[in-house]
Amino acid sequence: MGTAKRERQKAGHQARLNVERSMDRRDQRRRRLFSIVGAAVILVAAAALFTALSDNSSTSTTAATTTTTLASTTTVSAATLPSAAGKPCVAFNDTLPPGSPEVPMPVGETPKSLVVQDLVTGSGTPVAKGDSVTVNYTGVSCSTGKIFDSSWTNGKPVTFPLSQVITGWSQGLVGMQPSGRRLLVIPPDLGYGSTGQGGIAPDESLVFVVDLISTGTSATPGTAAN
């Protein structure tokens, strides 16, 4: 009986050991599984973060490039343009803004003095020296045939005091009547001279077609008419 009892105790003890070992192995498997899952989650999160940072970096680079491009476009000045001295006038080769009349170019040698030609004769009180005028206009560089400025682009006429514009305008518009259209061919010394201006090259002759809306004795410079 004593031996049988000891055998039963031994068997029970072995069974408990087996159960404990089984539970330990199960716990170890769970810990390994949790470790693997945790590592996978960390890797996925890291990959997502890297992708987000890469996208942001790409966006920032693109924005910087755009800003640079935009900065390069807006800082172009006449100083970077070659002089137009000695270059002949060429035919018009640009796209007119909606509503703008055609610009007849004096192809060939540039004029040495101001050319004034009425394309359409207006009526009413003519422009006097020192007046302010409300006009629509298109300006073209003689040596390139390209438009450098036009009120038609914004779809509104503009008001200028003749005392605050280039000499070619202050002289060339005197005597013009409302509803008239006038061609001005302006040599460099009556335009922007040897320095140029904005997109106008140094020593550039200028061609304008001007539609006179009205004339008066005073106005705010450079304002768009309603």
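**The aromatic cluster and its surroundings**

Mentor: Tyr 137, Phe 148, Phe 160, Trp 169 and Phe 208 together make up one aromatic cluster. This is a predicted model, in which local features need pLDDT of at least 70 and side-chain atom pairs count only at pLDDT 80 or more, while totals for chains, interfaces and linings use all residues. Residues are numbered from 1 along each chain as its sequence is written, and side-chain values use heavy atoms, with hydrogens and water left out.

Let us begin with the rings. Rings of Phe, Tyr and Trp (for Trp, its six-membered ring) count as a pair if their centres lie within 6.5 Å; planes under 30 degrees apart are called stacked, those over 60 edge-to-face, and the rest tilted. Across the whole structure, a search finds 6 aromatic pairs. One of them joins Tyr 137 and Phe 208 in a tilted arrangement, with 6.3 Å from centre to centre and 55° between the planes. Tyr 137 belongs to strand β2 and Phe 208 to strand β6 (residues 206-216), so this pair ties together parts that are 71 residues apart in sequence. Strands (E, at least two residues) and helices (H or I, at least four) are DSSP runs, numbered from the N terminus.

Tyr 137 and Phe 208 are both buried. Here, buried means under 20% relative accessible area, exposed means over 50%, and partly exposed lies in between (1.4 Å probe, protein chains only). Phe 208 counts as buried because its relative accessible area is 4%.

Phe 208 also pairs with Phe 148: the ring centres are 5.6 Å apart and the planes stand at 90°, so this pair is edge-to-face. The pair links distant parts of the chain, since Phe 148 is in strand β3 (residues 147-150) and Phe 208 in strand β6, 60 residues apart. Phe 148 has 23% relative accessibility and therefore counts as partly exposed.

Strand β2, which holds Tyr 137, spans residues 132-141 and also contains Thr 134. The side chains of Thr 134 and Thr 159 are joined by a polar contact of 2.8 Å. Such a contact is a pair of N or O atoms within 3.5 Å; within protein, one must be able to donate a hydrogen and the other to accept it, and residues adjacent in sequence count only if both atoms are side-chain atoms. Thr 134 counts as buried because its relative accessibility is 11%.

A salt bridge is a side-chain nitrogen of Lys or Arg within 4 Å of a carboxyl oxygen of Asp or Glu, and the structure holds 2 of them. In one, Arg 181 meets Asp 211, with the closest N and O atoms 2.6 Å apart. Arg 181 lies in strand β5 and Asp 211 in strand β6, so the bridge ties together parts that are 30 residues apart in sequence. Arg 181 is partly exposed at a relative accessible area of 27%, whereas Asp 211 is buried at 10%.

A salt bridge also joins Asp 118 and Arg 182, whose closest N and O atoms are 2.8 Å apart. Distant parts of the chain are linked here too: Asp 118 is in strand β1 (residues 115-120) and Arg 182 in strand β5 (residues 181-186), 64 residues apart. Asp 118 is partly exposed, with a relative accessible area of 40%, while Arg 182 is buried at 6% relative accessibility.

The loops on either side of β5 deserve attention as well. Most residues other than glycine have a negative phi. Ser 179, however, has a positive phi of about 75° although it is not a glycine. Ser 179 is found in the loop between α2 (167-172) and β5, and counts as exposed because its relative accessibility is 58%. Asp 203, likewise not a glycine, has a positive phi near 60°. Asp 203 lies in the loop between β5 and β6 and is partly exposed at 25% relative accessibility.

Finally, consider the whole chain. The protein chain has 2 helices and 7 strands, which run α-β-β-β-β-α-β-β-β from the N terminus on. Of its 226 residues, 29% count as buried. Taking contact to mean heavy atoms within 4.5 Å, residues 24 or more positions apart account for 74% of the contacts with a separation of 6 or more.
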